[in-house]
Amino acid sequence: MCGIVGYVGPREALPLLMNGLRRLEYRGYDSAGVAVQQNGALEVMRAEGKLDNLATIVATHPTQGHTGIGHTRWATHGRPNEQNAHPHVDCGGVTAVIHNGIIENFESLKAPLLARGHRFTSETDTEVAVHLLEEELEKRQSLEDAALAVLPRLEGAAALAFISVRDPGKIVAARISNAGGVIVGYGNGENFLASDAPALLEHTRRVSFLDHGEIAVVTQDAVSFRKLTGERIDKKIEEISWDPIAAAKSGYKHFLLKEIHEQPRAISDTLLGRVERSTGRVVFDDNVKMDDAFVRAIPRISFVACGTASYAGLVGKYLIERLARIPCDVEIASEYRYREPVVSPGQLVVSVTQSGETVDTLAAMEEAKRQGARLLTFVNVVGSQASRVADDVVYLHAGPEISVASTKAYAAMLVDLYLFAIYLAQRRGVIDPERSRKLLAEAFHLPTLVDAVLQEEPKVKALAYRYYSAHNFLFLGRGVNYPTALEGALKLKELSYIHAEGTASGEMKHGTNALINEELPVVAIALRDSVYKKIRSNMEEVRARAGVLIALANDDDDEINGKADDIIRIPRTEELLSPVLAVVPLQLLAYHIADRRGNDVDQPRNLAKAVTVE
Ligand code: AGP
């Protein structure tokens, strides 16, 4: 939810911290701040709002120092103002903390601190941590020993980093529960800290990931790790393969537009190496270890995910039930965790997540694991918490997704789930080789077909400019494209702030029809598939009630001519793959409407990329 960065080394810390925060601004942009050790004192600068506001302050306050931390905030406790911006400092202004997550017991910790005379300057839950640390630093020599005395008293979910002029040249970072990642980056004679890889990529690709209940002690020359119990531990150094250039905008106006246009490449990367040429079998690499007996006996698959990823799960249900004949259900992760779900023996629980850090998804995974389910995750971010909690991992290979709204990761999720459905069907022996060969051949055409859909952008943009001032939108889908309607509505809501609803078109007559009038644009996904006739009837019902119809149709469909006010065309593909194509014009529509309305497309209001709080 929030972004944290840190630097210890011979270079000036401030520009490095600001640069790192730029890469993490998608995680939160309510306020930002930095703390740098300068000549035995702590220099703290903070600003409400976007990072540019902090940059203005930094530009007029030259600060020199080689150890520092920085934070970009998505507000949970306390309004998004300067006073509540991180870093927070102790009473003496010599120790600072940054934090991502929520300290749930902060009120019970704060009362005795106030009684002992500590002065609080913010409304945040975070500030208790630095005052507790202040007390411990009176008794202990090192920052890490003081942190180890404080951290077990914090309840909830948190990733924190501390610096103090009492123990200079050092950052202590901690991860408690599943709140946000903490990654240590190893440089040459310098070391880094960040919540997420894009902040590190231009400096290093050699990293270690903190797990729940661990701290890192980071100095210029060394990094060491301990458990919250104090026990010293060794951590693996891992290599991040992401290309830093891929994480920059490459000439596009927004990251979102770039990521929409990267979908053909993301899909190719997702497909790469997943089909064994000699046998035509789908193979997932070493990270999926389910044996034949397990796969043949899976009684049920439950998907857990949030937002866009949950719609990918819905498509996954259609695919797996259709091809592998395994019953599936899809649950919003935030509901699953509190519902006392029933997990049957041998059940597979599949999480789908771009970031791998969504706290509700992680909690649902934990609950499923606690009940004995086998956990498989489809995840984009390598080394994320989901990838480490799951028994089996499928990496999406979509590359870094920076824009808050998910696009290319969704495409990769759909393609991987399609492959997974075929994989299960093959391993359970319920699909004939010719059918799976055809299905796979269609998948390999996808990058070209998505490219063709992207060529239609000028038409979609013109449409966006026609409808950008609408107050409401309705998206209708059916069958495997019902989730596409949900995703089209979510994209439009989060980017344009226009109220939108996605509906199964067969449900219209049960209530939603009442909304239809000449001011409501209705986008109907009417592809030449097994439910074409049905959705065409639903379109007629909209027309009969004077609704404004925008149809998403196949480019070889002449029957639909004249049956809608506007028609967006996409190429025809295998029905089970059609959601990958159908979503692209809806992403472009949402993007161009939002841009036309002057919205901040990459950082929509009130949202964050990785939602690491409940
Ligand atoms: C997508 O556009 C959204 N911003 C959001 O719904 C997102 O898909 C959701 O928060 C889940 O994130 P995850 O894939 O990182 O778990």
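These notebook entries record what I looked up in a predicted model of one protein chain.

**Ground rules.** I number residues from 1 along each chain as its sequence is written, and side-chain values use heavy atoms, with hydrogens and water left out. Because this is a predicted model, I kept to its limits: local features need pLDDT of at least 70, side-chain atom pairs count only at pLDDT 80 or more, and totals for chains, interfaces and linings use all residues.

**Whole chain.** I counted 18 helices and 27 strands in the protein chain; these are DSSP runs numbered from the N terminus, helices being H or I of at least four residues and strands E of at least two. I looked up the extent next: the C-alpha trace spans about 80 × 55 × 45 Å along its principal axes. The radius of gyration is 25 Å, which agrees with the value near 25 Å for a compact globule of 614 residues; it is taken over C-alpha atoms, and the globule rule is 2.2 Å times the number of residues to the power 0.38.

I found 63% of the 614 residues buried, that is, under 20% relative accessible area with a 1.4 Å probe, counting protein chains only. Of the contacts (heavy atoms within 4.5 Å) between residues at least 6 apart in sequence, 71% join residues at least 24 apart.

I traced an open sheet of eight strands in the order 3-2-4-1-10-9-11-15, with antiparallel pairing. Its edges are strand 3 (41-48) and strand 15 (238-239), each pairing on one side only. Two strands pair if DSSP finds at least two bridges between them. Inside the order, strand 1 (residues 3-8) meets strand 10 (residues 191-194) in the antiparallel sense over four bridges. There V8 stands opposite N191.

**Strands 25 and 26.** I then checked a parallel pair: strand 25 (residues 521-525) is joined to strand 26 by five bridges. V523 faces I550 of strand 26 as its opposite residue. Strand 26 (residues 548-554) is mostly covered, with seven of its seven residues buried.

**I498.** I looked for I498 and found it in the loop between helix 16 (482-496) and strand 24 (499-504). I498 counts as buried because its relative accessibility is 1%. Leaving out residues up to four places away in sequence, I498 touches Y468, A470, H471, N472, F473, L492, K493, I593 and R597. I also took a C-alpha to C-alpha distance: I498 and D555 are 57 residues apart in sequence and 28 Å apart in space.

Definitions and conventions:
Buried < 20%, exposed > 50% of the residue type's maximum accessible area, 1.4 Å probe, protein only.
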